[in-house]
Amino acid sequence: IRRRLEIIAPYTKWIRSFSCTEGNDLIPKLAKEYGLKTLVGAWLGDNKAVNDKEMKALIELSKAGFVDIAAVGNEVIYREELEEQELIDYINYVKRNIVNIPVGYVDAYYEFRDRPKITEVCDVILANCYPFWEGCASEYSLLYMKDMFQEATKAANGKKVIITETGWPSAGSDLWGAHPSYKNYLQYFINTQLWSKNNNIDIFYFSSFDESWKVDSEGDVGAYWGLWDKNEERKF
């Protein structure tokens, strides 16, 4: 964790983590040593005991000053591992135990449009926006992401919206009109950065490093979303 933080710290102000157990609790602790702000997530699923451990650890990290934004769950509604009311109860539980830190939930942008009860309990709207996964051709990808962001913004009803994941793979198989390539990956990154900078939109770019283990769930493209490759070399 420390080695990878040293690689990316010169290029970013924030880092996002997805879990608070099994050593992932060290990520925000070490990130603070490098002057980074943190969006820290509790990983929720269909195992109540694991969920309780994750939330307890997120609350402890928050009280110790290692969390700038707390995320209660990541795409757990999309994966259909929790019911809506179960998630709302978890979010409210964390909010009761964390003071002066925004608490939200991460999911695809359209979930906040389709599930206003979840949107209502979040302090901040944490929306994943992936034109690639919806088969959008790269030449229209920035327009498509702007539409995704607008959907989340309308649903947010005045609350801050942060894009918690977006990106484009540099290699792998096509998904409908979406073509992974080095050129498309680089163009998407540049377009995203310029748009977010010019419009003051906060984005967590996915991902820092290529992760070969992701091919199990996402196919061959899963291994190629990083700004750095699997050998920790910058791709550009």
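Predicted model: local features only at pLDDT ≥ 70, side-chain atom pairs only at ≥ 80, totals over all residues.
Where is Glu75 found? Glu75 sits in the loop between strand 3 (69-74) and helix 4. Residues are numbered from 1 along each chain as its sequence is written, and side-chain values use heavy atoms, with hydrogens and water left out.

Helices (H or I, at least four residues) and strands (E, at least two) are DSSP runs, numbered from the N terminus.

At 19% relative accessibility, Glu75 counts as buried (buried means under 20% relative accessible area, exposed over 50%, and partly exposed in between, using a 1.4 Å probe and protein chains only). Glu80 is in the loop between strand 3 and helix 4 too, and its phi is also positive, near 60°, in a residue other than glycine. Glu80, though, is exposed, with a relative accessible area of 72%.

As for peptide bonds, look at the one joining Phe206 and Ser207: it is cis, with omega about 15°. Ser207 has its place in the loop between helix 8 and helix 9 (215-218).

## Two helix pairs

Now for some helices that meet. Here are two pairs side by side; axes are lines fitted to C-alpha atoms, for helices over the stretch in contact, and angles run from 0 to 180 degrees between N-to-C directions.

| Pair | Axes come within | Crossing angle |
|---|---|---|
| Helix 3 (residues 48-63) and helix 4 (residues 84-97) | 10 Å | roughly 30° |
| Helix 7 (residues 141-156) and helix 8 (residues 182-199) | 10 Å | roughly 45° |

Helix 3 and helix 4 are therefore roughly parallel to each other, whereas helix 7 is oblique to helix 8. The naming goes like this: angles under 35 degrees count as roughly parallel, over 145 as roughly antiparallel, 65 to 115 as roughly perpendicular and the rest as oblique.

The crossing of helix 3 and helix 4 is right-handed. (A crossing is left-handed if the near helix is turned anticlockwise from the far one by less than a right angle, and right-handed if clockwise.) On the helix 3 side, the contact is made by Lys48, Asn51, Asp52, Met55, Leu58, Ile59 and Lys63, and on the helix 4 side by Tyr90, Tyr93, Val94 and Asn97. Contact here means heavy atoms within 4.5 Å. Sorted by class, that makes six nonpolar, two polar and three charged residues. (Ala, Val, Leu, Ile, Met, Phe, Trp, Tyr, Cys and Pro count as nonpolar, Asp, Glu, Lys and Arg as charged, and the others, Gly among them, as polar.)

For helix 7 and helix 8, the crossing is right-handed as well. Helix 7 brings Ser141, Leu142, Met145, Lys146 and Phe149 to the contact, and helix 8 brings Tyr188, Asn191, Thr192 and Trp195. By class, this contact has five nonpolar, three polar and one charged residues.

## Zooming in on Val94

At 0% relative accessibility, Val94 counts as buried. Leaving aside neighbours within four places in sequence, Val94 is in contact with Met55, Leu58, Ile59, Val72 and Val103.

In helix 2 (residues 26-33), the buried residues include Ile27, Pro28, Leu30 and Ala31. Seen down the helix axis, the buried residues of helix 2 fall within an arc of 165°, so they line one face of the helix; the arc is that of the directions from the helix axis to the C-beta atoms. What covers these residues includes helix 1 (2-8), strand 1 (14-17), strand 2 (37-42) and helix 3.

## Two buried threonines

Thr21 is in the loop between strand 1 and helix 2 and is buried, with a relative accessible area of 14%. Neighbours within four places aside, Thr21 is in contact with Lys53 and Glu54.

Thr119 lies in helix 6 (residues 116-121) and is buried, at 5% relative accessible area. Beyond its neighbours within four places in sequence, Thr119 is in contact with Phe112, Ile125, Ala155, Ala156 and Lys159.
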